[in-house]
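Colleague: I would like to learn how to read this model feature by feature. Please give me the general idea each time, then the case at hand.

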Amino acid sequence: MSNISRRKIITTGLAATAGASGLVLGVRTADRCGLIPPDHSGIYGAGATLTYAAQRLLTRHSLAREFPASQISKPPFAKFRPFKNESYDRLRAGGFVDWRVDIDGMVARPASFSLAELRQFPARTQITALACEEGWSFIAEWTGVPLSHILGLAGALPQARYVVYYSIQPGRQHSIDMDDALHPQTTLVYAMNGGDLPIGHGGPLRLRLARQLGYKNVKYLTRLTVTDTLKGFVSRSSYAWYAGI
Amino acid sequence: MASPARPIVDAAPARAEIPRHSVLVRVTHWITTLCFFALLLSGVEILISHPRFYWGETGNPMSPSLFDLPIPASRPWVNTGYNFVLPDQNGWSRSLHFEAAWTVILTGLVYAILGVWSRHFRKNLLPVRAGLTWRALGQDIAAHLAFRRPTAVDARSYNTLQRITYLLVIFALFPLMIWTGLAMSLAVTSVFPFLATACGGQQSARTIHFFATGLLVVFLAIHIIMICRAGFRNRVRAMIAGRIRVSEDR
């Protein structure tokens, strides 16, 4: 009797140790492969991590569906609440000619670009859907500079892991991993459906992420920060950091 | 130390208990139950932020809807006809929805694999040939419609209608929920576009997700009514402890 229990205890202990070390090793490997999101802790961390890891394994390079021009939503819906912002109003009064987007952080050459400069860069036009976490969606034609081009110009350092991007509206910021930052459909959009990007849609400049929900598509873009950690950047919002579903 | 002589338990039929549900069925049943309520609650919470439904690829407050639910919304830009806005709880609701979805998918995988392995589906859920004749099915349906109490035989195994219903819920409705849920994701459809296009578009998938939820709620309601008719305590005890009293009939 006691012999069996002892053997049982030893095997159980060995199995538990192997399991625990396997788990630690697995988590470490997953982190090295970029499968652990910054909001992996907390009660919803497991779900957020599984979603991010599964989608990263499947969707690292896939392109969001693009649609024919006939499917462009008319009129496009803008969830727009008028806001009071002195700098924005001043830039708007000047026809946004002084609007600039800065790039700093882990880059070899911090830079600042005007809208006119952005329009000189190679552009990408895509007809993709923007879906809101609320449930509605619309399709539009978006034109802008791929973020990868800007990152190339500024010389993002190899240890870069995330890009934090800021709206002119204080506190409005989000961040993405390098897979999404370098994704060909991730663009700094200045035109929509053939015209300037309307104010309601984030004009003059919006970060367009074709594979994530609307709330990650920050409007009134003014700044990009390249970083290797999101400590101090991620707000503890109850919304998932990765909005691929 | 010798244990005191135990009186011989009289095996009166009124107290006879037989094993009913395997550990696999019991554990996965209650995890699924928990997840279902979490998904339903959070799903309703997400739904009220936009209680309009569309058919096709897109739909928004500027486009005509397929139908609107006659309820107020938790966001001000949806024109619901109500002049008030419900509290918005989408943040934790979305997180809970996906956490519960992952839990139920992993549970379902374990259930499906071990269910095949242990011959659970073949033994307990696949309708027996004798029950699949029109006559037998007719009798079964008539018994259900007449609201007849389940017989002692029903305590030992599932009847044909029950088997068909469970199989449909497990292998049709649950996969449909997962399919249409994934079809709403822009990232998932970037790899598997057919998930959305086969539904007729992303918004169609959302509408199907809603109706499939409705079917699951109807199933749950009937399931609970049937459990009550068959003897609530005995059936719930069987799903927890695994054994069921047979001769009492309820």
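**Reading the model**

Modeller: In chain A, 67% of the contacts between residues at least 6 apart in sequence join residues at least 24 apart. Two residues are in contact here if their C-beta atoms, placed from the backbone, lie within 7 Å.

Colleague: What kind of model is this, and how are residues, chains and ligands labelled?

Modeller: This is a predicted model: local features need pLDDT of at least 70, side-chain atom pairs count only at pLDDT 80 or more, and totals for chains, interfaces and linings use all residues. Residues are numbered from 1 along each chain as its sequence is written, while chains are lettered from A and ligands numbered from 1 in the order in which they are written.

Colleague: How many helices and strands are there in chain A?

Modeller: Chain A has 6 helices and 10 strands. Helices (H or I, at least four residues) and strands (E, at least two) are DSSP runs, numbered from the N terminus. The C-alpha trace of chain A spans about 85 × 40 × 35 Å along its principal axes.

Colleague: What percentage of the residues in chain A is buried?

Modeller: Of the 245 residues in chain A, 38% are buried. The cut-offs: buried means 20 or more other C-beta atoms within 10 Å of the residue's own, exposed means 12 or fewer, and partly exposed is in between; C-beta atoms are placed from the backbone.

Colleague: Now the sheet. In which order do the 5 strands of the open sheet in chain A run?

Modeller: The general idea comes before the case. Strands of a sheet pair through backbone hydrogen bonds, either parallel or antiparallel. Two strands count as paired if DSSP finds at least two bridges between them. In chain A the order is β2-β1-β10-β5-β6, an open sheet with mixed pairing. Its edge strands are β2 (111-114) and β6 (173-177) of chain A, each pairing on one side only. Neighbouring strands of this sheet are turned by 20° against each other on average, direction ignored. Such angles run from 0 to 180 degrees between N-to-C directions, with axes as lines fitted to C-alpha atoms, for helices over the stretch in contact.

Colleague: In which sense does β10(A) pair with β5(A), parallel or antiparallel?

Modeller: β5 (residues 162-167) of chain A pairs with β10(A) in the antiparallel sense over 6 bridges. A:Ser167 stands opposite A:Leu221 in β10(A). A:Val164 has A:Thr225 as its bridge partner in β10(A). With β1(A), β10(A) pairs in the parallel sense over 4 bridges. There A:Asp102 has A:Arg223 of β10(A) as its bridge partner.

Colleague: How many residues lie between the strands in the hairpin of β3(A) and β4(A)?

Modeller: That hairpin has 5 residues between the strands, and A:Gly135 takes a positive phi near 130° in it. Strands β3 (residues 124-131) and β4 (residues 137-146) of chain A pair in the antiparallel sense over 8 bridges. A:Ala131 has A:Ser137 in β4(A) as its bridge partner.

Colleague: Where does A:Phe96 lie?

Modeller: A:Phe96 is in the loop between α3 and β1 (100-105) of chain A. Its phi is positive, about 65°, although A:Phe96 is not a glycine. A:Phe96 is buried, with 20 other C-beta atoms within 10 Å. A:Tyr220 also deserves a look. Its phi is near 55°, a positive value in a residue other than glycine. A:Tyr220 sits in the loop between β9 and β10 (221-227) of chain A, and A:Tyr220 is buried, with 22 other C-beta atoms within 10 Å.

Colleague: On to chain B. At what angle do α1 and α2 of chain B cross?

Modeller: Two packed helices are described by the angle between their axes and the distance between the axes. The axes of α1 (residues 23-47) and α2 (residues 90-117) of chain B come within 8 Å and cross at roughly 155°. α1(B) and α2(B) are therefore roughly antiparallel to each other. Angles under 35 degrees count as roughly parallel, over 145 as roughly antiparallel, 65 to 115 as roughly perpendicular and the rest as oblique.

Colleague: How many residues does each chain bring to the contact?

Modeller: Chain B brings 31 residues and chain A brings 36 residues. On the side of chain B that touches chain A, α2(B) gives the most, with 9 residues.
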